[in-house]
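These are my notebook entries on one protein chain. I set down what I looked up, entry by entry.

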Amino acid sequence: MLMLQESKKKLTVNDLAETFGVSRRTIFRDFNFLSDINVPVTWDEYSGYGVIEGYKIPPLMFNSRELATIMVGLNFVKSQIDKNLVDDAKGVELKIKNVLPDDLKEFMKSLDNRTVVDPFLHFGAEKKEGGNWYLVSSAISQSKSIEFTYHSKKDGSVTGRKIDPYLLVFYRDHWNVIGYSHKREAIRNFVLDRMENVKILDQNFKLEKEIDVEGLIFNSNESGEKIRVVLDKSAERPFKANLPTKIFKETGVDSKKIKVEFNFENLDYINEWLLQFGDKVEVQSPKELIQKRKALLKTMLKNL
């Protein structure tokens, strides 16, 4: 079906039989089936088979395992806090269901009702507008610069920005775009829901070298404070899975503890983040983070 739709010329039975390694008789049976499901197949004795111009055949020929994979992905997206992303996922799901045969439609429906990804986000978080990720992704795909107004969370300032967008990153509750800031003349990260009046410029940018995705996300060993903590092994898995940066050094202390080192710029954020592990984490350095940790705990005790 896809070959008939995408081919610039009509195809003969011999062409199709050779492509798929089947007999001419099988191809004729397939064409009879396409006619039965009302696909507008055309035929010309001199040029072969095609479909009516303008007819779009949805490329949805999934088996049950592929559908299960799609449903896990869609349910993950629907569990997120970004309202636009949730609505888009529901639209994709509706379109898929609309063209599936009844047996696969029932299979997909049963998975949708009984496959829950990230239940605390799915049921416990209010959905919010997450910024125009689609517009930014379009700029990235075309290698075009963008302009926007940015609201800084740090000092509340509102400034005009121009960047070459390199990468879109979705964390648990928000989108980020990482790119080259013309104002700072350096790589910077921007939160999409703080960007307004986003415009794609008629100005292409050219990458001097291939993008290091991991390096852009984690900014490995290049900036931020070097942080060293001792961690109980009982908390190792959730710590590593959710740490918002990359561990660059890990050493064993004893059978129950490990020492990990990583870089992070925002000490206030990482200080609050570490609290979720209670006494299973001991901060060894830097001194500023230790002081922030003590001050935060002192404030919490006052509020009891």
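I began with a term: an axis is a line fitted to C-alpha atoms, for helices over the stretch in contact, and angles run from 0 to 180 degrees between N-to-C directions. I also noted that helices (H or I, at least four residues) and strands (E, at least two) are DSSP runs, numbered from the N terminus. The model is predicted, so local features need pLDDT of at least 70 and side-chain atom pairs count only at pLDDT 80 or more, while totals for chains, interfaces and linings use all residues. Residues are numbered from 1 along each chain as its sequence is written, and side-chain values use heavy atoms, with hydrogens and water left out.

**Entry 1: domains**

I looked up the domain assignment, whose bounds come from an automatic or database source. It gives domain 1 (2–51), domain 2 (64–112), domain 3 (133–220) and domain 4 (225–303). I found 46 Å between the C-alpha centres of domain 1 and domain 3.

In UniProt, an unreviewed entry lists residues 225–301 as "domain: WCX". I kept in mind that UniProt positions are given in the numbering used here, that feature names are shortened, and that annotations may be inferred rather than shown by experiment. Residues 225–301 are 39% helix and 35% strand, and their end C-alpha atoms are 27 Å apart.

**Entry 2: helix 2 and helix 3**

How do two packed helices get described? By the angle between their axes and the distance between the axes. For helix 2 (residues 13–20) and helix 3 (residues 24–36), the axes come within 9 Å and cross at roughly 110 degrees. The two helices are therefore roughly perpendicular (angles under 35 degrees count as roughly parallel, over 145 as roughly antiparallel, 65 to 115 as roughly perpendicular and the rest as oblique).

I then listed the contact (heavy atoms within 4.5 Å). Helix 2 brings V13, N14, L16 and A17, and helix 3 brings R24, I27, F28 and F31. By class I noted 6 nonpolar, 1 polar and 1 charged residues. Here Ala, Val, Leu, Ile, Met, Phe, Trp, Tyr, Cys and Pro count as nonpolar, Asp, Glu, Lys and Arg as charged, and the others, Gly among them, as polar.

**Entry 3: helix 5 and helix 6**

Helix 5 and helix 6 (residues 102–114) pack at about 150 degrees, with axes 9 Å apart. This makes helix 5 roughly antiparallel to helix 6. E93, I96, K97 and N98 of helix 5 meet K105, M108 and D112 of helix 6. By class, this contact has 2 nonpolar, 1 polar and 4 charged residues.

Is E93 buried or exposed? E93, in helix 5 (residues 83–99), has a relative accessible area of 5% and is buried (under 20% is buried, over 50% exposed, partly exposed in between, with a 1.4 Å probe and protein chains only). Apart from neighbours within four places in sequence, E93 touches M71, L74, K78, M108 and D112.

V86 is also placed in helix 5, and at 6% relative accessibility V86 is buried. With the neighbours within four places set aside, its contacts are V77, K78, Q80 and K127.

**Entry 4: backbone**

Most residues other than glycine have a negative phi, and most peptide bonds are trans. S143 lies in the loop between helix 8 (133–142) and strand 3 (144–151) and is partly exposed at 28%. N197 lies in strand 7 (residues 195–204) and is exposed at 56%.

Last, I found a cis peptide bond between S285 and P286, with omega about 5 degrees.
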